[in-house]
Amino acid sequence: MSTPDLHDDDELPPELRSALQDLPRERQPGRLLEERTVRALREHGVIEAAAPRRGIRRLPASWLGGAVAASLALFASGIAVGQWMGTRATAEVVSAVQAENSRNTAMLVQQTGTAYVQALSKLATTRDSGAHAAQGREVAVRMLRAAADELVRIAPDDPVASAVLAGFQKADTTKAAAGDKQRVVWF
Amino acid sequence: MRAETPAVPDHALAQALLLRGDERAFRELYSRHTPRLFQFVLRIVGGAEHDAEDVVQETWIRATEALPTFRWEAAFGTWLTGIGLNVARGLLRKQGRWELPMEPGTPEPFRPPASDGDRIDLERAIALLPAGQRAVLVLHDVEGFTHDEIAERLGIAPGTSKSQLSHARRALRRMLEPVHEERHEHA
């Protein structure tokens, strides 16, 4: 871009030349164009595809403890409640989950979380150090991992859940190196 | 007193986009250059906003695809505008509205002035020009390109650019003249 050719100026009245030069050089397009363009570039693979959404929203810190307990409880319910509270309680838990009622689910979280912790507490005091105790510990650990995994899905930026998962991954590496084998069949 | 941190240069943003598919880098480039690009292509396509938005989107797609080959010898915005011009020409050609190069001596198409005032708006007058003449006029009289540069960009001879500019200016002046007499004659 440089100075326009001067020999053409005789055809353009000064006021018109000035008006042309004063025309606006910028204009904002519609607001949706940017999103449209970003989406198109994502489809072309130019922009990194967004990571799969792992959580609907970020929970405030005050919810953290509750969310941890909720996740632990939900994933522990199948084993812990089944072992320590009996078939009837499990049926109620499943029923409540299926109802997708947030209030019921919150209560369920509290109940099953407590049950899980109680179960672990009892497991800790048992004198049995044989295969059953080992199996119980492994189940408890796997429940904890599954719960942490779910919690990360709920709150991807949560440092506690991330740290728990990182710990598990580190343990996996160590176990793999040691050739450790799983004792229970996961379901 | 600390100097203000300079903005991230276009080159760095382009690198971030190329290497990591960085969406934020693209959005920054988009916000910097799209208003000027949009205004430019809007004039080239004759004021049709929807067409101009399509051109802008396609321009960004082509620009990001060609970015690895861009040598940064010209300003990013100038390079982008060149791509926008090609995309706009492609659209006009597809619509059967691109008629460059015209044969020497081709009569100027008659474009009636607007009937809503003594004079029509300059932008409207530009939009009423035939697409090829309009492109030359916008590039020369608004954007400040020389005939050699226009010839290179439009794939025409410099002489064609000059003659098209002459036609465009004559048509523009005619359209911007008061229309009282013409109205009375038709009354």
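# Exercises on a predicted two-chain model

Of the 187 residues in chain B, 39% count as buried, where buried stands for 20 or more other C-beta atoms within 10 Å of a residue's own, exposed for 12 or fewer and partly exposed for what lies in between, with C-beta atoms placed from the backbone. The model is predicted, and local features need pLDDT of at least 70, side-chain atom pairs count only at pLDDT 80 or more, while totals for chains, interfaces and linings use all residues. Residues are numbered from 1 along each chain as its sequence is written, and chains are lettered from A and ligands numbered from 1 in the order in which they are written.

**Exercise 1.** State how many helices and strands chain B has.

*Solution.* Helices (H or I, at least four residues) and strands (E, at least two) are DSSP runs numbered from the N terminus. On that basis chain B has nine helices and zero strands, and its pattern along the sequence reads α-α-α-α-α-α-α-α-α.

**Exercise 2.** Find the buried residues of helix 1 (residues 10-20) of chain B, and decide where they sit around the axis.

*Solution.* The buried residues of this helix are B:L13, B:A14 and B:L17. They cover an arc of only 100 degrees around the axis, which puts them on the same side of helix 1 of chain B; the arc is that of the directions from the helix axis to the C-beta atoms. On the other side of helix 1 of chain B, the exposed residues are B:H11, B:A12, B:L19 and B:R20. The cover over the buried residues includes helix 2 and helix 3 of chain B. After helix 1 of chain B comes B:G21, which has a positive phi near 60 degrees.

**Exercise 3.** Work out how helix 7 (residues 147-154) and helix 8 (residues 158-176) of chain B are arranged.

*Solution.* Their axes come within 8 Å and cross at roughly 105 degrees, the axes being lines fitted to C-alpha atoms, for helices over the stretch in contact, with angles from 0 to 180 degrees between N-to-C directions. Helix 7 and helix 8 of chain B are therefore roughly perpendicular, a term for angles of 65 to 115 degrees. The contact (C-beta atoms, placed from the backbone, within 7 Å) is made by B:H147, B:D148, B:I150 and B:A151 of helix 7 and B:P158, B:S161 and B:K162 of helix 8.

**Exercise 4.** Describe the largest nonpolar core and name the residues with the most contacts inside it.

*Solution.* A nonpolar core is a set of buried Ala, Val, Leu, Ile, Met, Phe, Trp, Tyr and Cys residues joined through C-beta atoms within 7 Å. The largest one has 48 residues, and those with the most contacts inside it are B:V41, B:V45, B:A88 and B:L172. Helix 2 (residues 23-44) of chain B contributes the largest share of this core, nine residues. Apart from neighbours within four places in sequence, B:A88 is in contact with B:V41, B:I44, B:V45 and B:V55. A second, separate core of six residues includes A:V139, A:M143, A:A147 and A:A161.

Terms used. Parallel < 35°, antiparallel > 145°, perpendicular 65-115°, else oblique. Contact = placed C-beta atoms within 7 Å.
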